[in-house]
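I opened the model to look up a few residues, the pockets and the cores. My entries follow in the order in which I made them.

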Amino acid sequence: MRNVAKFKPYILYGHSTEHCKVRIQEMTKADAEQTNQQPLWQTDWTSDFISNPDYLKYSVKTMDGELVALGAYEILPTAIVVHIAYIESHPESNPTIAGRNRKYQGIGRVLLAFGIKLSIDNDFGGDVTFEAKTPELAEHYERDYGAMPLPSFDDASAPRFLLSGEAAKRIFLSYLE
């Protein structure tokens with residue numbers, strides 16, 4: 001019998017290298033509503049923007065059910081990519097809110113890896129596109145993940161990136177067991 005590698009997502013506890021196994025599953029109404037409770041998330045996941053029916057929405061939870069992140073993805077068959085429309089960490093782990101005292105790390109990376117998995121599952125070869133919310137994130141995506149900048153349609157839009165090929169493979173393979 002042949003051993004088959006499986007996608008086993010994880011994040012890291014605080015500033016350690018210790019893995020915290022997580023489950024990625026379809027976002028529930030209760031998950032979305034939690035973004036409007038204390039501590040407030042940066043984004044209301046019950047909003048019209050996130051409620052877009054074209055988005056596949058997922059939650060990232062620890063094995064004991066703690067919600068740590070949400071992600072919205074689009075399958076774009078005409079572009080042959082998965083577009084990561086929006087990802088966000090719980091306020092306790094969001095670097096914009098929690099700063100250096102984050103409860104968990106590696107959340108953005110696991111959400112990118114999940115987008116790569118969706119791309120592979122849809123026969124798109126692991127290609128994903130996404131936007132950088134800040135110049136710091138743009139630099140991080142290029143430097144740490146090997147993401148390639150894409151042309152922008154106007155100067156007002158957020159910088160767009162493609163994660164593909166060896167760069168996507170490196171990220172994805174780190175979650176296979």
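I began with tyrosine 141. Neighbours within four places in sequence aside, I found tyrosine 141 in contact with Leu112, Phe130, Glu131, Ala132, Gly146, Ala147 and Phe161; contact means heavy atoms within 4.5 Å. This is a predicted model, in which local features need pLDDT of at least 70 and side-chain atom pairs count only at pLDDT 80 or more, while totals for chains, interfaces and linings use all residues. Residues are numbered from 1 along each chain as its sequence is written, and side-chain values use heavy atoms, with hydrogens and water left out.

**Helix H4**

I next looked up the helix around tyrosine 141. The buried residues of H4 (residues 135-145) are Ala138, Tyr141 and Tyr145. They cover an arc of only 90 degrees around the axis, which puts them on the same side of H4; the arc is taken from the directions from the helix axis to the C-beta atoms. Pro135, Glu136 and Arg143 are exposed on the other side of H4. For these words I used relative accessible area: buried is under 20%, exposed is over 50%, and partly exposed is in between (1.4 Å probe, protein chains only). Helices (H or I, at least four residues) and strands (E, at least two) are DSSP runs, numbered from the N terminus.

What covers the buried residues of H4? The cover includes helix H3 (107-121), strand S7 (128-131), strand S9 (160-163) and helix H5 (165-173).

**Cores**

I then listed the nonpolar cores. A nonpolar core is a set of buried Ala, Val, Leu, Ile, Met, Phe, Trp, Tyr and Cys residues joined through side-chain atoms within 4.5 Å. The largest has 38 residues, and those with the most contacts inside it are Ile11, Tyr73, Leu111, Phe130, Tyr141 and Leu163. H3 gives the most to this core, with eight residues. Apart from it lies another core of eleven residues, including Met27, Ala32, Trp41 and Trp45.

**Pockets**

The largest pocket holds about 920 Å³ of space. A pocket is, on a 1 Å grid over the protein atoms alone, an open set of points where a 1.4 Å probe fits, with protein on both sides within 12 Å along at least five of seven lines; lining residues have an atom within 4 Å of a point. Grid points are joined across faces, edges and corners, and the volume is the space filled by probe spheres set on the points.

I counted 34 residues in the lining of the largest pocket, of which Pro95, Gly108, Leu137, His140 and Tyr141 lie nearest its centre. Strand S5 (81-89), helix H2 (95-98), strand S6 (104-105), H3, S7 and H4 each give two or more residues to this lining. Which element gives the most to the lining of the largest pocket? H4 does, with seven residues. By type, the lining of the largest pocket has 16 nonpolar, ten polar and eight charged residues. Ala, Val, Leu, Ile, Met, Phe, Trp, Tyr, Cys and Pro count as nonpolar, Asp, Glu, Lys and Arg as charged, and the others, Gly among them, as polar.

The second largest pocket holds about 190 Å³. Residues that line it include Lys8, Tyr10, His19, Arg23, Met63 and Glu177. Strand S2 (residues 19-26) gives the largest share of this lining, four residues. The lining of the second largest pocket divides into six nonpolar, two polar and four charged residues.

**Single residues**

Lysine 6 lies in the segment before strand S1 (10-13) and counts as exposed at 51% relative accessibility. Neighbours within four places in sequence aside, lysine 6 is in contact with Tyr175, Leu176 and Glu177.

Histidine 15 sits in the loop between S1 and S2 and is exposed, with a relative accessible area of 57%.

**Backbone**

A cis peptide bond joins glutamine 38 and proline 39, with omega about -5 degrees. Proline 39 is in the loop between helix H1 (29-34) and strand S3 (56-62).

Isoleucine 80, in the loop between strand S4 (67-76) and S5, has phi near 55 degrees. Isoleucine 80 is partly exposed, at 48% relative accessible area. Aspartate 123, in the loop between H3 and S7, has a positive phi of about 60 degrees. Aspartate 123 is exposed, at 70%.
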